[in-house]
Amino acid sequence: MVVADTPVVIQDENQEHEEETVTKTGPVYSLEILKIITDCQQQHGLRHSDYQRYRGYCTRRIQRLRQTLHFPQGDKRHFKRKDVTETHLKDERFLHIPLMLSERAWGYAMQLRQEANTEPRKRFHLASKLRKAVKYAEQLEQLCQSELCDARSKLEAQAYIAWMRASLHFELHVWKNALDYFQQAQVVYEKLCGVVKETDLPIYKHKCDELIPNLRYCAYSIGDSSAITDLKDLRGIAHGDILDKLDHLMLEARAKDGSGVAEVEWLGYKISVRPAEVGSFLLADQELQIESPGGQAEVDLLERHVIRCKDAISAVRDVILAEQGGKLKTEGHPLQILLSYLTYIRLSRSNERVRIMIELAKVEQEAAGQETEPESQDLLGEVKKGKPHELIRLYEVILQNLNEMQQLNGLENNDDFQAEMDSTITAYKAFRCYYIGEILTTTKKFREALALYDKGLRYLSGLNSSKVQAEVKGELETLEVRIKMSRCICIAQGVLQNEATKAADSSDSSAPNIHQDPKALIKDFLNLFQVPLIDRLEVYYQDPNLMSKKANLIKLPPDLELLMCKPLFFDVAQNYVKFPNMDAEKKVTENQGQQPGQGLTGFVKGLWGWGATKK
């Protein structure tokens, strides 16, 4: 009996094993982890470094996935944890649950890192959240190692867990382990760059570039002194999120070395620098080098530098308020001079950024002018230029910054500085007049444009070029030539416009009037096409424009016609009508309206209450 039962059990086990192998060789899932999380991050807050919004999105996504896959964690009253295992992989979306859990914990950690600048205790919470993100990433890697996932999913999971572990050890300052894990992630992502589609290749290359600053900083922290030089070189070519990370790493490196500027000289003042973060910023400002033909990367770099300058200004203000008992204005105080110096740096770097934006806008306009078709040229053969509204706005920003520089505390009596600012402001006003005149020329307001060109020339003629800033001095001669050329073109176009207006008036006066002399249209077929079709239906004329989009069918708006005013009628006849005397008829009506039973008998009935009619 036992021997008979044994083969049956073995057969059942074999059948179950075969069924499992069949299910495993079924669908093969492909999970593009980096592409998924990159799209989610760009669409839900991380484009603006809003990590709170991103982790909120991850929470809602997990709820939707569990509800759709019928994989809840308990009911409304009780919580029962459910982790995704290999037996649950009946749908590819089950793999998204541990991925979103890891992303939610990582997003919370990045939010805490932003808040830890003012609350250092939150770094402990940050490390806890990163450990949780690593735990969920390990679950995802175990699921992707099953036979139901393809080779790409396994590589993606390996790179993701290596990057998450590296982020944890980086925050814990375990530099050797962080360096090893960053190198593992970099190797895997470089391999994936060779197998992904052409459309997805920029995502993986950007991820590889993002890992380089962390690698160099880990090497520097371990003891590689040449790594800090590599970080400075990378900072000159980086952009976007990589630039933010590099700035953060550079600040940490300076704080670790204790390097910074202790004293500066500016316009005859010797200023001692404090607090330490201001000295670190001034050192970064001295190391900042912008190439002359700057591009969008330089614009982003200067924008972040201005933001850090604002942080340094806030730090100095806090020190002044603490030392002076809440009074910010203390004339001649060293910290007040330092505050003016930092404000001057902020305004100067902002103007430098705006000048690069102006150059980029000019290049775009020139490229648009070269692509313009010959039909878009004006009567003088000059190609029509793009509307320079954006340039005028940028020049307004520069003028506003220069006016703020003139009002800095401690510089009101500095004659050389004030003369330089006045000359520079006059030069930029000439630029503004030129571009406003260009706009008026495109709108055919030639008189106003000519007045602005003349005003720009007056600015340039009364300008002391030796006092102008070096950045603007080289462009003044070119500007004067352009204003004179545009002024001549404006005069010529104004003359041609007047001639065209006179010719149009004379042609209108010589054209036949169809209302007064309709027979003249038959004799003069040259002007017949100018008459709308509805007004010349009795005349046969084969007009080729009727089959085109410029058919002259009716005149819009129509001509006004004289009509008689609508008469007003007043009802005044009643004043002259004599009505008959109706008193006799009125008495008869009153007698007929008396009800029966209202005499003496009716009075008696009503007195005792019997015989009365019930209502």
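Student: What makes Phe-170 count as buried?
Tutor: This is a predicted model, in which local features need pLDDT of at least 70 and side-chain atom pairs count only at pLDDT 80 or more, while totals for chains, interfaces and linings use all residues. Residues are numbered from 1 along each chain as its sequence is written, and side-chain values use heavy atoms, leaving out hydrogens and water. Buried means under 20% relative accessible area, exposed over 50%, partly exposed in between (1.4 Å probe, protein chains only). Phe-170 has 8% relative accessibility, so Phe-170 is buried.

Student: And why is Trp-175 called buried?
Tutor: Trp-175 has 16% relative accessibility, so Trp-175 counts as buried too.

Student: Why is the pair of Tyr-395 and Phe-431 called stacked?
Tutor: Rings of Phe, Tyr and Trp (its six-membered ring) pair if their centres lie within 6.5 Å; planes under 30 degrees apart count as stacked, over 60 as edge-to-face and the rest as tilted. The centres of Tyr-395 and Phe-431 are 5.4 Å apart and their planes are at 10°, so this pair is stacked.

Student: How do you know that Tyr-395 is buried?
Tutor: Its relative accessible area is 2%, so Tyr-395 is buried. Phe-431 has 4% relative accessibility, so Phe-431 counts as buried as well.

Student: Which residues form one aromatic cluster with Tyr-395?
Tutor: That cluster holds Tyr-395 together with Tyr-428, Phe-431, Tyr-434, Tyr-435 and Tyr-453.
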